[in-house]
Amino acid sequence: MEDILILEGARTPFAIWSGGVRADEQKGGALKPFDPFDLGAAALKEAMKRSGLAPDKLDKVVFANTYHVGPHACYGARYVGLRAGLPAHIPNLTVNLACGSGLQSIISAAGTIALGEGSLVAAVGGDSSSNIARNVFIPSFKDASCDQHIAFTSQEMARESGISRAEQDRWSKISHARAVAARKKGYLAEEIIPIGELTQDDGIRDNADDAYFAASKMLFETGEATAANTHGVTDGGSAVIMASASAAGGLAPIGRYITGAVVGVPPAKMARASVVAVQKALAQAKLSLSDIDLFELNETFASQLLIDLKETGLPEEKVNVNGGAIAIGHPWGGTGPRLVFTLLKELKRRGLKRGVAAICVGAGSGIAVVVETV
């Protein structure tokens, strides 16, 4: 089978949703005027431009969208392609694996190429929490399969592992500090295409100090989970362009897709699902944890991230080196392509080879993708 290459990528800024508060303490919602299709289309159009491909060269668009917004959501990927300026003959597919949808778009795009159904495929993701009906959005965080809030399941697993709130707040502080450093170095700007008046992520806090975390509201009456040690709820979109080696021609890829894996665990043990997904993906690739140079593990909760580190024994300096979702944000379907693009860019900067991106998913799913530089 031919190599499956990743040519380029792009993302919008990730903006705190309209029900939240930005890093500057102002009300969120900077991207509320844009629906998920606008966000995905903006990222796709820029990724195509960076790859050097003409719009008519794509064979397919795979669009990840977790929360369907409005009466036209059923058209999903179709609108993304058309709004990005792609010709009408290019087909499309919308996928949904809740928080893992964006990585699923990459796995689905790779499958299309591997099966010979297309040689140039875009994997795109986008969500707009600002435009989701509150009576749909807020109740969705309670997992009906175990009758518990997903944050509560992670909190309870952390307690069983002896992970304190102080440790969770410490990691959250690291997430913001690393994101601040990455922004100052221009690394985040390299990923971002401005949309509307927004040019950068607006949830990253320069002042994420101990007092900020100590004052954060607990998500439940008692416990360690707080708003500050949970991922930022954001609006945003991201995209990567994937190609067979022959279709890439003279284009210079940024990486190669190796494999992807989706797993299931008991719903109440969701917090460790990304670990299981990483293990399965590495087994498929005939690699071990020690073969991987960098990891992008989605920070759904600081408790979950620390459970991941404890189970794998990974050193902190290999994980989310430019900040994670606690600082940058997690726009559901828009997260997966962002993780992979961020990972490949950083591997290139450091002259390293392999990386893994993974996301745990409510109701007990996990998903992981293995990539390498070329």
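I started with helix H1 (residues 36–51) and helix H2 (residues 76–83), which pack at an angle of about 45° with axes 8 Å apart. That makes H1 oblique to H2 (under 35 degrees is roughly parallel, over 145 roughly antiparallel, 65 to 115 roughly perpendicular, the rest oblique). Axes are lines fitted to C-alpha atoms, for helices over the stretch in contact, and angles run from 0 to 180 degrees between N-to-C directions. Helices are DSSP runs (H or I, at least four residues), as are strands (E, at least two), numbered from the N terminus.

The model is predicted: local features need pLDDT of at least 70 and side-chain atom pairs 80 or more, while totals for chains, interfaces and linings use all residues. Residues are numbered from 1 along each chain as its sequence is written, and side-chain values use heavy atoms, without hydrogens and water.

I listed the H1 and H2 contacts (heavy atoms within 4.5 Å). Phe-37, Asp-38, Gly-40, Ala-41 and Leu-44 of H1 meet Gly-76, Tyr-79, Val-80, Gly-81 and Arg-83 of H2.

Next I checked helix H11 (residues 302–312). Eight of its eleven residues are buried, so H11 is largely enclosed by the rest of the structure (buried means under 20% relative accessible area, 1.4 Å probe, protein chains only). Among the buried residues are Leu-305, Leu-306 and Asp-308. The buried residues pack against helices H5 (150–160), H6 (165–184) and H10 (273–285), and strands S10 (294–297) and S11 (354–361). Just after H11, I found Gly-313 with a positive phi of about 75°.

Last, I took H5 with H11. Their packing angle is about 45°, and their axes are 8 Å apart. H5 and H11 are therefore oblique to each other.

Terms used
Buried < 20%, exposed > 50% of the residue type's maximum accessible area, 1.4 Å probe, protein only.
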